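Please read this briefing alongside the sequence and the coordinates. It is arranged by topic, so that each group of points can be checked separately.

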Amino acid sequence: NAYKVAILGATGAVGEVMREILAERNFPVSELFLLASERSAGDTLDFAGKAVRVRDAATFDWTGVDIGLFSAGAAASEIYAPKAAAAGAVVIDNTSRYRYEEDIPLVVPEVNPQRIADYQTRNIIANPNCSTIQMLLALKPIADSVGLERVVVSTYQAVSGAGSRAIQELGRQTLGIFKQEEVAPAVFPKQIAFNCLPQIDVFQDNGYTKEEMKMLWESRKILEIPDLPLSATCVRVPVFYGHSEAVNVVTRKKLSAEEMRALLCNAPGVQIWDERETGGWPTALDSAGKDATWVGRIREDCSHERGLNFWVVADNIRKGAALNSVQIAEILIRDYL
Ligand code: A2P
């Protein structure tokens, strides 16, 4: 069997990698539709060696499309996901638009693949936030074996998570500094080059940002631990690709660093890189372009007898977005379509 697949947001940072990953993993595509706004309609993009024309999503007829991979922002998903779903396509939505709706499955294939079965209610499956996905790959085996009492996480997030204009802004500001030409912030609220910005997405009433609350809401939903205590600080850093996270977890039963290492050795999607010597740990640059989620700096927390610290890194555009979506699509066609 082969499937008609549409990518909404095909010209964007995630859409581009969705196209690459479909080809790389030989996803059985009978026809690929590339959709964007009228701004890029008419452009051509490569798919598996063939030129494919970009179409305007506003005038696209969804009839006959089997799978829609959406990454054009929450506002576009709001308009097009119900349209595509009503026409019979299963939408895998990479935006935050449907993640928190009770009857929409929110899926990380290594963590809760069984939830994909719930797609039929709305014909929409939500892909979680990039920071949540990589953290849960490491937390799931711990949650299952010894239970989680509390999680505290700080993120160091790449600009690509904010889209292709954000990638350009970091590039132009960096060059501008060397040329002594100021490039004013447009995508980010302050200069991102040579800086760290402790705000991702908008502020909430409780003083957290929405990105921070996404990590709480989504972890609870995916792990099915509705009262999980979790506190996040999300920071944008001048890195192009790859999110890094420093995670502190207090477990219900004691887990030693050695035991955590053994657990994660068998965790799907996780690679341990933890040598306890200079340079023996993963970085964002190491993760860029790779599928794995890398875990390093595993150590027992010297301030709590059931605490553990670790560092987790993944390519936010791949595992954090495009790859996770395509993995969901692979399970969907294998088990359900
Ligand atoms: P376009 O190229 O027409 O602007 P990024 O996340 O890198 O900023 O990319 C966003 C993607 O979403 C682009 O492909 C962009 O297309 C697409 N997009 C944004 N808004 C809409 C919309 N209202 N309808 C369709 N596609 C959209």
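Predicted model: local features only at pLDDT ≥ 70, side-chain atom pairs only at ≥ 80, totals over all residues.

Residues are numbered from 1 along each chain as its sequence is written.

**Confidence**
- The protein chain has an average pLDDT of 98, and 100% of its residues score at least 70, where pLDDT is the predictor's confidence in each residue, from 0 to 100.
- For the complex, the predictor gives an ipTM of 0.99 and a pTM of 0.98.

**Domains and their contact**
- The protein chain is assigned domain 1 (3-128 + 321-335) and domain 2 (131-316), with bounds that come from an automatic or database domain assignment.
- Taken over C-alpha atoms, the centres of domain 1 and domain 2 are separated by 25 Å.
- The contact involves 14 residues from domain 1 and 18 residues from domain 2, two residues being in contact if their C-beta atoms, placed from the backbone, lie within 7 Å.
- On the side of domain 1 that touches domain 2, helix 8 (residues 318-335) gives the most, with three residues; helices (H or I, at least four residues) and strands (E, at least two) are DSSP runs numbered from the N terminus.
- The UniProt record, an unreviewed entry, lists residues 4-119 as "domain: Semialdehyde dehydrogenase NAD-binding"; UniProt positions are in the numbering used here, feature names are shortened, and annotations may be inferred rather than shown by experiment.
- The span 4-119 is 22% helix and 28% strand, and its end C-alpha atoms lie 18 Å apart.

**The shell around the ligand**
- The ligand is surrounded by 18 residues, the closest being Gly 9, Gly 12, Ser 37, Ala 72 and Gly 163, where a residue counts as near if its C-beta atom, placed from the backbone, lies within 6 Å.
- Domain 1 and domain 2 each provide at least three residues of the shell.
- Helix 1 (13-24) and helix 4 (164-179) each supply at least two shell residues, and the largest share, three residues, comes from helix 1.
- The shell comprises seven nonpolar, nine polar and two charged residues.

**Arg 99**
- UniProt (unreviewed entry) lists Arg 99 as "binding site", and Arg 99 is placed in the loop between strand 6 (90-93) and strand 7 (124-126).
- Arg 99 is buried because 22 other C-beta atoms lie within 10 Å, the cut-off for buried being 20 or more.
- Leaving aside residues up to four places away in sequence, Arg 99 touches Leu 106, Ala 126, Pro 128 and Glu 218.

Terms used: Nonpolar A, V, L, I, M, F, W, Y, C, P; charged D, E, K, R; others polar. Buried ≥ 20, exposed ≤ 12 C-beta atoms within 10 Å, placed from the backbone.
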